[in-house]
Amino acid sequence: MNNNHKWGSSGEKRTITWEYEPPPELLQYLKDMQEALRYALQAAYLKATRNKQHKIPSPIELRRMIKEWFYSRYQYARHHINPVCKSAVALLKSYRKNHHGQLRIPTVKKLAVRIDAELFKLVEGQLRVTLQPFSYAWIPVNTVHKRYKDYCHGRVSEVLLTERKVCLTFVIGSGNKPLGARFVACDLNFTTIDSTTAVKDAQGTVHLEAASTEPLHRITQIQNVFSRRRRRLQLHIPNPQKRARKLRETRNRQRHRVIDALHKLTTQTVRKNQDTAFIFERLTGIRKNGRREANRGKKFRTQLNRWPYRLYQRLVEYKSSQRTLYVNPRGTSSRCPVCGENLKHPAWGISSCETCGVDYHRDRLASLAILCGGLRLCGSPFTVSADASWPMLKNEYLYAGGAPDAARAGWTEPANAPNGNAV
Ligand SMILES: [Zn+2]
């Protein structure tokens with residue numbers, strides 16, 4: 001896993017560089033920041049040499065140490081202290097690394113400041129750098145740069161200013177990918193991925209195409225096996241240090257196996273759905289809230305934590321040629337996507353709608369709701385009941401006594417139970 005960053009971040013970075021003549025206020029700013037950097041380096045160095053472990057302070061600690069000096073000396077927006085502290089810490093660390101662990105204050109020769117996106121903005125072909133609140137320095141962007149057109153749709157992430165050059169970095173992410181006519185909305189569950197496929201025709205009307213449920217045997221199997229193994233270790237190794245080490249090893253091994261399985265699974269999924277935009281629920285904060293599975297006890301929560309939903313989404317987003325959409329998870333399993341009525345959940349896996357008068361398969365219905373949310377997001381709202389394909393597909397969404405997901409049987413048992421159900 002050396003190339004974590006590729007799918008770890010939300011996009012790849014691209015930089016364009018051009019030469020410029022800094023306006024006088026910007027030149028003064030660069031000089032001031034050079035001075036501030038020297039001061040910060042000194043402060044960080046003193047701090048590091050005065051404690052026993054020679055620990056270099058973090059940028060945040062350093063900011064606490066020098067902020068009074070900084071704010072009383074300069075009139076710049078307060079954010080400007082952040083890049084100074086970050087560079088000081090980075091410089092000290094790299095100095096120590098390059099000098100066999102010895103620490104000295106590196107000399108600052110260049111006039112260079114790296115500032116992040118909160119302090120500058122691209123405004124109509126110009127780079128607007130906020131020096132003080134509502135007071136800006138303007139730098140014309142080299143819009144004829146041969147790469148500018150490709151990158152400018154991306155998000156700006158940072159800019160490096162020297163007295164001669166500007167290096168502007170963009171994050172080009174999946175936001176740049178095209179949005180085609182085929183959509184797959186996925187509801188990620190413990191043992192299955194339930195999805196609904198829809199296609200937009202030439203007139204721009206959306207039709208449902210299929211509903212499907214994909215079992216996740218491989219991942220649950222890995223997790224069951226490792227969880228049993230850990231339990232055994234816990235019981236049978238008396239030495240606490242050794243036990244901790246063994247447990248750590250097992251956890252890492254499990255993680256690698258799960259990541260590997262996820263890679264295979266997502267590659268397969270993306271290959272099966274070429275030129276398809278995937279729609280997921282936005283997951284931020286879900287583990288805290290426990291989503292709809294709240295209050296189900298500790299074992300249940302452990303399982304929620306072990307299935308890396310977000311990683312699955314990231315891998316799909318990275319591998320897919322089309323844009324990936326994220327919808328607000330609110331209501332995806334509590335409101336009926338067909339009629340808008342509130343759903344009841346009389347039993348595990350059932351979403352019952354009184355207005356429609358039927359019991360739906362909960363997870364498939366959720367994927368339908370996610371689809372509607374995604375289509376709304378990209379400006380082509382979709383009404384399920386008005387769609388001609390709905391009567392034909394409706395059966396696919398009805399609850400059939402657990403038939404589509406026999407795999408679920410036995411899942412809610414503790415993970416350390418005999419491994420009869422998996423494979
Ligand atoms: Zn309904």
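Visitor: Which hand does the crossing of α2 and α3 have?
Guide: The crossing of α2 and α3 is right-handed, meaning the near helix is turned clockwise from the far one by less than a right angle. This is a predicted model, where local features need pLDDT of at least 70, side-chain atom pairs count only at pLDDT 80 or more, and totals for chains, interfaces and linings use all residues. Residues are numbered from 1 along each chain as its sequence is written.

Visitor: What residues make the contact?
Guide: From α2 you have A36, Y39, A40, A43, A44 and K47, and from α3 L62, M65, I66, W69 and F70. Contact here is C-beta atoms, placed from the backbone, within 7 Å.

Visitor: And at what angle do α2 and α3 pack?
Guide: About 135°, with the axes 10 Å apart; α2 covers residues 24-50 and α3 residues 59-73. Axes are lines fitted to C-alpha atoms over the stretch in contact, with angles from 0 to 180 degrees between N-to-C directions.

Visitor: Which α6 residues meet α7?
Guide: Among them are R218, I219, F226 and L233, while the α7 side includes R243, L247 and V258.

Visitor: How many helices and strands does the protein have?
Guide: There are 12 helices and 14 strands, taken as DSSP runs: H or I of at least four residues for helices, E of at least two for strands, numbered from the N terminus.

Note on methods:
Two residues are in contact if their C-beta atoms, placed from the backbone, lie within 7 Å.
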